[in-house]
Each structure stands twice: as structure tokens, then as C-alpha cells.
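Dear colleague,

I am handing over the structure below, and I would be grateful if you could look through it alongside the notes that follow.

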Amino acid sequence: YTPPEITYFVPSEGSRINGNQQITARATDNINVSSFSFTYSTDGGSTWVDIGEDTSPSYNIYYKYWYSTIYFDTTLVSDGMVIVKVTATDIGGNTGELMRNYEIDNTPPAVPQDVTAEAGQREVRLSWSPVEDPHLSGYRVYRSTTQGGEYSYLTYTSNTSYTNTGLTPDTTYYYVVTAVDLAGNESAYSQEVSATPVEDYT
């Protein structure tokens, strides 16, 4: 009558999750784990909603544990706190469970404002106003040689400025900037700015 023991459950406690989040659990047992079931609650554990069940979990012969991975579509749940519970059941019907508290965040930061581009010698200096977001990670810069796109990813920075060097003189470059938060949510493109670098005669 020994229940399975869940020895590993990720993401870790308190993580911010978003999108189609991967969740993995492992369990040990004295006989055989026959299934893992995953549920979530947004009301502190009063009611539980199914995420999914794995009735044929994999087994690691070397380390002697059963494991399962499932995907939780967090976009179906409102942003905020959520409890995710994994329940392991063995062939004797004994169950072991473990819960994790997560924060769902599918809301992107605001779009960067006041973006400017200043041409230099074979370079363009970009700057923008900081985005006020307590969970802001930084900014992504995109570039095109065609007005309106198609933009290619250029760089990531935690600063509110970036200098793009090594450019071709007398070519107009177009830029947009996005803001990214710690959960990986990305804002829409900023207003496009452009500049035309000149030759370096030094």
C-alpha cells in the first residue's frame, strides 16, 4: 500500500508560465506507476480542471523512476495565480500527489515609444523611452532595408539605446523595437524609424 512518491516536478515552485507550457514530473514506486494526471485550479484548490493524463508513462531503467511530460495551454486561463497538481497512480491504485503554485502571464509589455534613429558614419544610433513594466526583461531591435518590413531580428538589449555599426553608406535602414518581459511575451512593433548612414572618411 505504498503510494508513489513524486520526486521531480517542473517548472519549479513560483515560476511565471505562459503559452503552451511544458510540465514534467517523475515518480518512484515499489511496484509500477501506471499513470500521471495533471490538473489545475484558479480558486485556491476548491475546484480542479483537467490538463491531461498519461496512462503509459516512460520508465528510466538506470535511475528507476517513471516520468511524464504534458503541455498546459495557459492561454485558455486568465492571467494570475494558478495551482497545478500532478497525481501519480500505481497499479495497486495507490496515489501520490504534488502541487506547484505558478503565475500565468500571457500579457505582453507596452510598445516602446519615442523611437529615434540618428545616422552616423557607417552606423545608426537608435534610442527610445523606457517601457514601465515590473516584469520587463529588455528590448529586441529589428531591421529592414525596405520600408514597412520585412524585418530581421538584429539584437536584444536591456538598454534604451543601440548603435548598429558596420553599415553600408548611402543605404537607408528601417528599424522597429519591441519590449519583452521575463515570461517571454513580446510587444507589437514600435513605430518604424529610418536613417541613412554616410561614408567614414576618417
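**Loops, backbone and overall form**

Pro11 is found in the loop between strand E1 (5-10) and strand E2 (16-17), where strands (E, at least two residues) and helices (H or I, at least four) are DSSP runs numbered from the N terminus. The peptide bond that leads from Val10 into Pro11 is cis, with omega near 5 degrees.

Before going further, please note that this is a predicted model, in which local features need pLDDT of at least 70 and side-chain atom pairs count only at pLDDT 80 or more, while totals for chains, interfaces and linings use all residues. Residues are numbered from 1 along each chain as its sequence is written, and side-chain values use heavy atoms, with hydrogens and water left out.

For the chain as a whole, the secondary structure comes to 0 helices and 16 strands. Its radius of gyration, taken over C-alpha atoms, is 24 Å, well over the 17 Å that the globule rule (2.2 Å times the number of residues to the power 0.38) gives for 202 residues, so the chain is more spread out than a compact globule. The C-alpha trace spans about 80 × 40 × 25 Å along its principal axes. Of the 202 residues, 41% count as buried, the terms being buried for under 20% relative accessible area, exposed for over 50% and partly exposed in between, with a 1.4 Å probe and protein chains only. Among the contacts (heavy atoms within 4.5 Å) with a separation of 6 or more, 62% are accounted for by residues 24 or more positions apart.

Asp114 deserves a paragraph of its own. This residue sits in the loop between strand E9 (95-104) and strand E10 (116-119), and its phi is positive, about 60 degrees, although Asp114 is not a glycine. Asp114 counts as exposed because its relative accessibility is 55%. Leaving aside neighbours within four places in sequence, Asp114 is in contact with Ser127, Trp128 and Ser129. With Ser129, which is 15 residues away along the chain, the C-alpha separation is 5.7 Å, and the two side chains are joined by a polar contact of 2.6 Å, meaning a pair of N or O atoms within 3.5 Å, of which, within protein, one must be able to donate a hydrogen and the other to accept it, residues adjacent in sequence counting only if both atoms are side-chain atoms.

Three further loop residues complete these notes. Arg122, in the loop between E10 and strand E11 (124-127), also has a positive phi, near 60 degrees, in a residue other than glycine, and at 33% relative accessibility Arg122 counts as partly exposed. Pro134 lies in the loop between E11 and strand E12 (136-144) and is exposed, with a relative accessible area of 75%. Ser187, by contrast, is buried, with a relative accessible area of 7%, although its place is in a loop, between strand E15 (173-181) and strand E16 (193-195). Not counting residues up to four places away in sequence, Ser187 touches Pro108, Pro109, Ala110, Val111, Pro112, Thr178 and Ala179.
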